[in-house]
Amino acid sequence: MRKWSFILFCLTALAGLIVLVGCEGDTGLTGGQGAKGRRGTAGYDPDQLPPADRVFAFAVTNATENAISGKRQAYLTFDSTAKATRDTVVAGRVSVPPLIDGLDGEEYEWGAQKSKMPLSFLNPDPGVADCKLKNGVVRAAYDDDNIYFQFQWQEQRVAPKINGEEVVVADVGESKELNQLSFFYRGPRADGSANMTLRRVKLFSCQPDSGTDTSYALVRVTYHPLCLYNDGDTCGCWDLRPTNPPPDISYLWVLKPGGEDRLVVFFPDEAATGWQDVAFKQFFGFTSTNPEMPSNFFVDVWGWGAARTMPVEVADDWNISAAGAKPDLGQAPYIDNYIPADSFPRYMNRRDPNVRTSESAAKSTAAIYPLRYFDAVPYSRVGWAEGIDSTAPAARGLRVDCYLPGIITTVSSGSRADVYTAARFDNGVWTVEMKRARRTHNGDDVQF
Amino acid sequence: MKKLMMLILSGLVAILLLQVIGCEGNAGNRGIPGGQGDTGDPYSQPIPENRYFALAVGNNSAAAHNGAPKLYLVFDTLHANAGDTVVCRRLTGSNVPEVDGIDGGSAEWGDKFTDVVLRKAVLYDNKINTARVRAAYDQNYIYFQVKWTEVADSALGLAVAEDLYPTKWVFDSLPSTIVSGQRTEYWSRVVMGDEDRVMLMFEVKHLNWFEHDGCLVTCHAGTATTLPGTNYHSTKSAKARMDIWSWSSITSNPTGYANDKYMDGTGQIPNEFEPLGYSDGIKGDIGRATSMTNLFFVYTTSGSTRTISAYHPLYQTATDPDSIATYPLWDWQITTYTATGWRQGFAVPTFVTTVPTLSRADIISSGKFDNGTWTVEFKRLRATGNGDDTKF
């Protein structure tokens with residue numbers, strides 16, 4: 001037994017010695033070359049990925065420049081599993097783009113998702129009446145290259161009674177005659193003296209009695225280089241004094257108050273809190289708000305107007321940045337047809353004067369709106385219709401009112417013409433449809 | 001012996017122990033990495049699907065245009081150009097056909113073409129019985145070339161000519177032409193023809209039986225609402241839609257664009273510039289057209305009848321009256337019409353040429369007339385993103 005124990009001990013000791021002092025085995029052979037990598041995955045079109053979700057806002061008007069209704073914030077998602085709500089617009093991918101024609105193609109063109117959005121009154125300025133636009137509907141769709149929107153809203157007559165009399169705040173109609181210039185002949189008084197009105201000319205008159213009203217004159221005035229301010233300084237002003245020669249009071253054009261029906265859509269680059277206040281103030285000129293504008297503020301603005309843009313079937317593409325609201329690069333779809341300093345239009349229809357006023361309503365075949373650039377000729381004061389009694393209401397037929405459009409329709413271009421738009425007005429409801437490239441490659445646009 | 005066995009056993013046990021607990025040698029060096037895998041396929045637009053389309057060719061006559069109502073446009077390699085099949089060749093590299101109306105032949109288009117048989121499509125046969133059609137596409141664009149030779153027919157008044165004067169206003173001071181109580185202007189609208197034309201038609205949204213009868217399913221398929229008893233071009237279903245690429249020798253060719261239109265079944269559209277007061281189911285894509293009508297008329301309406309009391313051009317050239325204006329009359333050349341100073345026989349175009357915009361300007365096109373043969377070429381984005389255009 002001792003013998004076996006000794007042998008076992010020796011073996012263990014031998015093993016221990018071998019472990020401690022034995023040599024390591026040789027290094028193995030170098031491995032063979034690895035197998036060739038797998039073939040890369042096929043390329044893909046990044047356009048086929050859905051755009052990123054974003055927020056937006058939109059505003060609508062009814063024949064006014066300052067009574068704004070709309071939606072302060074809506075969420076635009078491209079997630080097909082989401083459900084459209086009053087705050088969320090779900091854009092679906094389409095294989096055949098919706099027809100941009102202003103006719104509601106409904107589910108067949110736009111898919112089943114539809115957001116019914118109650119419209120709220122957005123103007124913070126006191127004293128501005130709500131036009132009570134209602135029944136807002138927004139649809140959206142996209143494909144590889146473009147994004148599409150459809151907006152609908154309904155107009156209604158708003159005519160509250162004030163002191164027993166109905167005051168029309170808003171009415172139902174297309175309202176595409178923006179800032180129509182009107183004119184009627186103011187003949188001399190019965191004694192032959194000039195029927196001149198000195199009121200309401202402060203901007204262009206040195207007259208101390210010109211009052212405080214800053215709207216434009218009711219008379220055609222003559223520039224007088226020697227006109228002086230009260231303190232004796234010379235000024236570039238209009239002298240209305242009945243001196244020799246007397247001011248020409250025969251032809252003067254005033255802007256008819258009111259505006260067009262509009263839809264303005266705002267897409268912020270980043271939806272910082274309160275971005276709408278900045279955007280609305282910058283674009284619509286609200287005076288009651290004074291929001292702070294962040295330095296990196298950027299909002300893309302698509303402005304559609306029944307007069308300004310509808311005839312050329314584009315929206316007017318603007319942007320708002322720290323520098324304020326400005327149009328995108330390119331030609332506008334219209335030009336203003338008014339020279340305020342002269343109270344004159346720039347252009348008239350080729351067949352003016354009296355293209356409309358000389359014809360009865362039944363014969364008024366030539367609509368003034370839109371007055372396109374190739375139909376416009378420089379304004380001439382000669383030959384306009386005159387009434388028998390310029391002081392009588394036009395409705396009595398004794399006074400003839402002449403009209404010219406406040407804008408001339410041109411062809412827009414460049415980044416300003418990025419947004420195709422078509423619209424129809426049907427039974428009080430506007431349907432406005434828009435299409436824009438998801439990537440315009442213009443720095444003045446947001447990209448989808 | 002026993003001792004020897006013990007020693008052997010001990011040795012074996014020692015070897016076993018060495019095997020069990022002895023150190024392994026180091027691993028060999030890492031082998032050389034394998035080669036890089038092949039690059040994946042680059043992204044490319046899917047190959048367009050084969051589809052039916054239609055072709056119509058006119059020689060200065062609306063009453064006589066011939067066509068191929070149903071042609072098959074294929075993008076695969078399984079078909080050959082033959083009969084009614086047009087193979088659209090995939091372009092590789094940077095060479096694309098130049099859309100200039102000049103036949104670049106196989107150098108531009110490859111050696112494939114189809115001589116399509118044309119047949120009478122409306123009242124009369126204009127005797128143009130064949131047209132050569134080529135097609136090609138690349139990543140972004142699709143191209144077509146249509147080439148045909150005109151045939152004279154004295155009976156129909158058809159001549160082999162580049163027809164550039166379809167209609168005109170002619171000043172006519174002869175009292176005998178004035179119908180008392182109807183006309184207060186002395187102008188006659190003289191129809192010289194209907195230009196030379198070619199039209200390509202594609203489905204945007206499915207037209208029932210288009211794959212059977214081609215564009216014939218849209219001929220006079222509308223049910224008139226404005227004027228009972230008449231009908232018009234229309235799809236039978238309001239939801240169906242057909243894209244129309246309309247090239248014409250004078251109202252579109254000078255602009256470098258085809259007039260992009262579409263047809264659906266939504267009915268007649270009121271149009272105050274049409275003498276009948278409406279247009280049919282063919283509508284212009286969104287945007288400004290390649291021309292506008294130079295027409296002014298005053299009318300009264302009684303029921304469905306219009307009585308025109310004044311009828312004359314809306315525009316004239318700056319040198320009028322006292323010249324004979326010719327096509328094209330561009331919008332920057334026009335001035336307002338004046339009713340005085342005209343002499344008998346002087347004429348003014350009935351269309352004013354304009355530069356198209358938006359979706360109306362999707363199709364770049366050019367045609368050239370050479371020794372009796374028209375070569376008209378088209379180029380358009382495969383996907384314009386407009387609902388009034390087909391997508392390839």
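# Notes on this predicted model

1. The side chain of A:Asp87 forms a salt bridge with A:Lys71, at 2.8 Å from N to O (the term stands for a side-chain nitrogen of Lys or Arg within 4 Å of a carboxyl oxygen of Asp or Glu). This pair links distant parts of the chain, with A:Asp87 in the loop between β2 and β3 (88-93) of chain A and A:Lys71 in strand β2, 16 residues apart. A:Lys71 counts as buried, at 10% relative accessibility.

2. A word on how to read all this. Residues are numbered from 1 along each chain as its sequence is written, while chains are lettered from A and ligands numbered from 1 in the order in which they are written. The model is predicted, and local features need pLDDT of at least 70, side-chain atom pairs count only at pLDDT 80 or more, and totals for chains, interfaces and linings use all residues; side-chain values use heavy atoms, with hydrogens and water left out.

3. Now the two chains. Chain A has 448 residues, of which 46% count as buried, and contains 3 helices and 24 strands. Chain B has 392 residues, with 48% of them buried, and its secondary structure also comes to 3 helices and 24 strands. Helices (H or I, at least four residues) and strands (E, at least two) are DSSP runs, numbered from the N terminus. Among contacts in chain A between residues at least 6 apart in sequence, 68% join residues at least 24 apart; in chain B, residues 24 or more positions apart account for 64% of the contacts with a separation of 6 or more. Contact here means heavy atoms within 4.5 Å.

4. A:Arg436 sits in strand β24 (residues 429-437) and A:Asp300 in strand β15 of chain A, 136 residues apart. A:Arg436 is buried, with a relative accessible area of 0%, and A:Asp300 is buried at 0% too. Elsewhere, salt bridges that share partners join A:Glu65, A:Glu260, A:Arg262 and A:Arg308 into one network.

5. A:Arg308 lies in the loop between β15 (298-305) and β16 (316-321) and A:Glu65 in the loop between β1 (54-61) and β2 (69-77) of chain A, so the pair ties together parts that are 243 residues apart in sequence. A:Arg308 is buried at 14% relative accessibility, whereas A:Glu65 is partly exposed at 29%. Over all chains, the structure holds 26 salt bridges.

6. Helix α3 (residues 275-284) of chain A deserves a look: 7 of its 10 residues are buried, so it is largely enclosed by the rest of the structure. Among the buried ones are A:Trp275, A:Phe280, A:Phe283 and A:Phe284. The buried residues of α3(A) pack against β1, β2, β14 (262-268), β15, β16 and β17 (324-327) of chain A. A:Gly285 follows the helix and has a positive phi, near 75 degrees.

7. What do the chains share at their interface? In contact are 58 residues of chain B and 58 residues of chain A. The area buried between them is about 4700 Å², with carbon and sulfur atoms giving 58% (buried area is the accessible area, for a 1.4 Å probe, that two parts lose on being put together, summed over both). B:Tyr43, B:Ile286 and B:Leu358 supply 12% of the area that chain B buries against chain A, more than any other three residues. The rule finds 3 salt bridges across this interface. B:Arg241 and A:Glu109 meet in a salt bridge, at 2.7 Å from N to O.

Definitions and conventions:
Buried means under 20% relative accessible area, exposed over 50%, partly exposed in between (1.4 Å probe, protein chains only).
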